Amino acid sequence: MADGSRSSTKAETGAWVRWVMPSAGDLIFVLLLVTLAFTPLSMRLLGDAGIGWHIRTGQQIVVTHAIPRVDSFSSTMAGKPWFAWEWLYDIAVGMLEAMLGLNGVVWFTSVVIAAVFAWMFRLLIARGTNLVVALGLVLLAVSGSMIHFLARPHVVSWLFTLAWFWILDSSERQSFDGRGGRQWLWALPPLMLVWVNVHGGFLVGFVLLGVFLLGAAWNWFRARQDRIEELLQKIAARNRVRNLAWVSLLSAAASLVNPYGWNLHLHVYRYLSDRFLMDHIDEFQSPNFHGIAQRCFLVLLLITLIVLAVRGSEVRISAGLTVLFAVYAGLYASRNIPVSSILLVLVVGPLVPAGSLTHGLFQRMAVVEHGLRGHLWAIVAVVVTFLIGASGGRVGSGVAMDAHFSPQRMPVEAVNYLEKQQVQGPVLSPDYWGGYLIYRLYPKAGVVVDDRHDLYGEEFFKSYLKMIHVEPGWEEFLRMHQASCVLLPRQSALADRLAVTTGWKKIYADDVAVVLVRDR
């Protein structure tokens, strides 16, 4: 639509309406925020016990004014080197939990997730995507990403991925249009400075830099010089390669500004290249497409293939490489599905053709949507939900926000019993409960193992898994690590075996967990 039409629309709606009226993106934000914060989905956000050690780490940093270099939570790893590589996130959730309890952690996570998908919708509309198509694609991305709707630092990494792609893609489009397109590129190194201290997903930023650098280099070498237009394109592509190279170098330098320097990069490499850990950690397994979230991601993959088959000739090399990376990452590991969904939607959305009969209507709706810039409703929703969380979740005489760990997923009552009986640690539980035990029992009792797999390493987990699965030699782990208390799922094979093993006695049981101690 011509600029004059857009200006006319703005004049008709009036300036105050553009600032007060909620956009569709604002409504998406508010709906997601309210749904995640005030419904049973808040317990889903706390479905991963690892948030427990993130909270306690952040609070430890605040008290000691020092970022941990060694482990202090585990009896088996106490004093051994530990990379608290998500320390900035830990401080945020640690302080929020201290002020608002778990309501604060859920509030923060809900705001970030809502911001990711509302911003994604706005970016699609700004790229000319049909409003209904944009809504459908965002819904698919939300549904696919629900597999990892958890209060963990990876959700912040989604936000950085979105910002990273937006900056790189926008600068490339502006470069093609002859408008320079390098201003926002220089924001990437400062963003990397934060990202590297929040989550290991900062590696995605370098992948995207590489993708767009390859795309620029391809355009540079492919452009001919026998016509003035192509010569100008070649010069623009060369300048873009130079700018991206400098931004990449500066971002690499910024990534070294972390408590561990280049050792963090080495540690991440060793962790991700450990085939045993990658093959035995659930979230690094390839997706099982029997789940709803995985099926939504599969639908998104099919839409991508169809769109590329129809309009593949219009796809820029950087967009094509982004799709290849997103597809590979999503099929390689379930934990990558949200990032893959974000990238696929941003690439495919603008390529989906609008229906001819409704094109004019939806285009006018998109113009109105793009003109609504106040985001007043989103701001009010953030403030109000924070205030509700700060008041203990109460609204009047009722409780609207009650974030807590699910007693069906976590051994809540069993740990209540341990606290009441003052059972001495260290406590052995499955690694996926370890973070919850740290949250509840630290510093009174240590844990034998938790889900910080990069800390414990391959050999430790080989012995641990042998014990959990009650394989030959399973007693060796218990002898080596001398747990005085064992907390296990009620239906686990190890719980059944220990219950009939000399030297152990059961002191507590409920529908979720059993507690056994050494019978001295």
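Visitor: Is Trp 220 buried, partly exposed or exposed?
Guide: This is a predicted model, and in it Trp 220 has a relative accessible area of 25%.

Visitor: What do the rings of Trp 220 and Phe 221 form?
Guide: An aromatic pair of the stacked kind, with 5.2 Å centre to centre and 15° between the planes.

Visitor: OK, zooming out. How many aromatic pairs are there in the whole structure?
Guide: The search turns up 29 aromatic pairs. One of them is Phe 160 with Trp 195: the ring centres are 5.3 Å apart and the planes sit at 15°, so that pair is stacked.

Visitor: Where in the chain are Phe 160 and Trp 195?
Guide: Phe 160 is in helix α9 (residues 154-176) and Trp 195 is in helix α10 (residues 188-195). They are 35 residues apart, so the pair links distant parts of the chain.

Visitor: Are those two buried or exposed?
Guide: Phe 160 and Trp 195 are both buried.

Visitor: Which residues do ring pairs link into a cluster?
Guide: Tyr 456, Phe 460, Phe 461, Tyr 464 and Phe 477.

Visitor: Switching to charges: which ring does the charged end of Arg 452 sit over?
Guide: The ring of Trp 53, at 5.8 Å from its centre. Arg 452 also lies over the face of Trp 82, 4.8 Å from that ring centre.

Key
Residues are numbered from 1 along each chain as its sequence is written. This is a predicted model: local features need pLDDT of at least 70, side-chain atom pairs count only at pLDDT 80 or more; totals for chains, interfaces and linings use all residues. Side-chain values use heavy atoms; hydrogens and water are left out. Rings of Phe, Tyr and Trp (its six-membered ring) pair if their centres lie within 6.5 Å; planes under 30 degrees apart count as stacked, over 60 as edge-to-face and the rest as tilted. Helices (H or I, at least four residues) and strands (E, at least two) are DSSP runs, numbered from the N terminus. Buried means under 20% relative accessible area, exposed over 50%, partly exposed in between (1.4 Å probe, protein chains only). A charge sits over a ring if NZ of Lys or CZ of Arg is within 6 Å of the ring centre and within 35 degrees of the ring normal.
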